[in-house]
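The stops below can be taken in order.

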Amino acid sequence: MFAINDITAGVLKGDFLLLAKTISSVENKVQGVDDFLQALLPNAVPIIGVTGPPGAGKSTLISALIGEWIKEGKKIAVLSVDPSSPFHKGAILGDRIRMKEWYLHPSVFIRSLASRGHLGGLTSSMIELTTLLQSVGFDKIILETVGVGQSEVEVASLADTTVVVLVPEAGDEVQMMKSGLMEIADLFVVNKSDRPDAETFANHIVQMIMENGQDVNTIKVIKTVASQGVGVQDLIAAINTHQEDLSKTGRNIKLVMSKVEQLIVAHKLRQIDSQKMEAALKDALKSHQFNIFRFTNQYLD
């Protein structure tokens, strides 16, 4: 593993080679990774999750956010989780097309990660990777999720601020997502708000927030036209306000607790030989007395 000081020095110079290699090592769980992670001293760098259905303009919005933060002299890291390619199991690299103006910028690090079939839309190494990024000199970290449905709620357990991006035509999708994705948003963005019925749709979201017993003064609804930069400053102000309120509500403690639980689960799963377990399950299912709880219990020690 590389020295954390060398990785940080590279980030400050806009050279992300060592960082990229380290991320690959973390993803692949190479020898020495656990000790490396335990030696990290992360800074309080905000993690912003951006999720929502396909076509909502998530990547365009992220690109606009990057532009504003670059003007402030910030260093930005983006982890974009793409659906795994059915051919090589790697990320499809769609973000390299959508955010092409930034991926060679010395103050912006963009990494595509394959979801590898992980149902939550985020890779199982995301906690390790975000903690690494918090330790090497970035000012903002953005998580962009696959955007394929209610499984995206996992972003809420990793991000300090979760932004759900929708478009005015998403009325039916909102109804389907009502019990899942809709409830994990800290901020709603109605993107492409220059389209017809945008105001009506934004009011509909406000009504839904109220129906869920949530505070409309806390959960903001921001209208943007990301491709033109409209409303992006309003979104940044809302993100900053939410970050400031986190410590007051105590949610930051709950967030860390959730991450600890996920790390424990991931560690336990890595100790299990999935091929052997599948073979054992195949044999166990032949019995009419099969009980899933008894079968599972043997792996809980």
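The tour goes from helix pairs to a strand pair and then to an aromatic pair.

This is a predicted model, in which local features need pLDDT of at least 70 and side-chain atom pairs count only at pLDDT 80 or more, while totals for chains, interfaces and linings use all residues. Residues are numbered from 1 along each chain as its sequence is written, and side-chain values use heavy atoms, with hydrogens and water left out. Helices (H or I, at least four residues) and strands (E, at least two) are DSSP runs, numbered from the N terminus.

Start by selecting helix H1 (4–13) and helix H2 (17–27). Their axes, lines fitted to C-alpha atoms over the stretch in contact, come within 7 Å and cross at roughly 130 degrees, on a scale from 0 to 180 degrees between N-to-C directions. H1 is therefore oblique to H2 (under 35 degrees is roughly parallel, over 145 roughly antiparallel, 65 to 115 roughly perpendicular, the rest oblique). Asp6, Ile7 and Val11 of H1 meet Leu18, Leu19 and Thr22 of H2; contact means heavy atoms within 4.5 Å.

Next, select H4 (residues 58–71) and H9 (residues 232–249), whose axes lie 10 Å apart at an angle of about 80 degrees. This pair is therefore roughly perpendicular. On the H4 side, show Leu61, Ala64, Leu65, Glu68 and Trp69; on the H9 side, Val232, Gln233, Leu235, Ile236 and Ile239.

Move to strands E6 (residues 187–190) and E7 (residues 220–223), which run parallel and are joined by 4 bridges; strands pair if DSSP finds at least two bridges between them. Val189 stands opposite Ile222 in E7.

Finish with Phe16 and Phe138, whose ring centres are 6.1 Å apart and whose planes are at 25 degrees, so the pair is stacked (ring centres within 6.5 Å make a pair; planes under 30 degrees apart are stacked, over 60 edge-to-face, the rest tilted). Phe16 lies in the loop between H1 and H2 and Phe138 in the loop between helix H6 (126–134) and strand E4 (140–144), so the pair ties together parts 122 residues apart in sequence.

Note on methods:
Phe/Tyr/Trp six-rings, centres within 6.5 Å; stacked < 30°, edge-to-face > 60°.
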